[in-house]
Amino acid sequence: LPPPEPSAMKLCAISTALLAPLAAAGTNPIAKVLELIAGLQEKIIADGEQSQKVFHEFSEWCEERSANVGFEIKTAKAEIVDLKAAIDNSAAQIGAANAKIEDLARLMSTDEADLKAAKEIRD
C-alpha cells in the first residue's frame, strides 16, 4: 500500500487542531470523534511507515536479484562460448578418429588379402 497522501494527513491534523479546544470542555460526541480521528491518523501513519519499510525491503531484494541474474547471464554466456569451443574440438577429434578408422580398415583389408594370398601360395 502506498503511504497516505500528505493532503489527507494535513486535513486530519488541521481538523484535530481546530476541534481540540471544543473537545477539551468535556466528553461529548465531538470529542469522541476527534479522539477517533486522532487514533485513526496514528494507525494510518503507522501503516504507511510499515508499508514503506516493506516496499524498501522488496526494492532492495529486487535490485540484488537483478544484479545476481545479470552475473548469472554473463557467466552462462561465457560458458556457452567455452562449450561451443569444446564441441568444435570434439567434432574435429571425431573426424580425425573416423579417418583413422577408415585407414585402419583399409589396411586390415589389404593385410587380409595378403594373408589369403600367402595361404594360397603355401597350400
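Trainee: Which class does Arg65 fall in: buried, partly exposed or exposed?
Mentor: This is a predicted model, where local features need pLDDT of at least 70, side-chain atom pairs count only at pLDDT 80 or more, and totals for chains, interfaces and linings use all residues. Residues are numbered from 1 along each chain as its sequence is written, and side-chain values use heavy atoms, leaving out hydrogens and water. Relative accessible area sets the class: buried is under 20%, exposed is over 50%, and partly exposed is in between (1.4 Å probe, protein chains only). Arg65 has 38% relative accessibility, so the class is partly exposed.

Trainee: In which helix do Asp103 and Arg106 lie?
Mentor: Helices (H or I, at least four residues) and strands (E, at least two) are DSSP runs, numbered from the N terminus. The protein has two helices and zero strands. Three residues apart, about one turn, Asp103 and Arg106 both lie in helix 2.

Trainee: What is the relative accessible area of Lys32?
Mentor: Lys32 and Glu35 both lie in helix 2, three residues apart. Lys32 counts as partly exposed because its relative accessible area is 43%.

Trainee: Which residues form the negative surface patch?
Mentor: Patch members have over 30% relative accessible area and no salt bridge; like charges are joined within 9 Å, and nonpolar side chains (Val, Leu, Ile, Met, Phe, Trp, Tyr) within 5 Å. Asp and Glu count as negative, Lys and Arg as positive, while His and the chain ends are not counted; a charge is placed at NZ of Lys, CZ of Arg, CG of Asp or CD of Glu. One of the members, Glu63, counts as exposed because its relative accessibility is 56%. The patch is formed by Glu57, Glu60, Glu63 and Glu64.

Trainee: How is the aromatic pair of Phe58 and Trp61 arranged: stacked, tilted or edge-to-face?
Mentor: Rings of Phe, Tyr and Trp (its six-membered ring) pair if their centres lie within 6.5 Å; planes under 30 degrees apart are stacked, over 60 edge-to-face, and the rest tilted. The count comes to one aromatic pair. At 6.0 Å centre to centre and 25 degrees between the planes, the rings of Phe58 and Trp61 are stacked.

Note on methods. Accessible areas come from the Shrake-Rupley method with a 1.4 Å probe; for residues, only the protein chains shown count as cover. A salt bridge is a side-chain nitrogen of Lys or Arg within 4 Å of a carboxyl oxygen of Asp or Glu.
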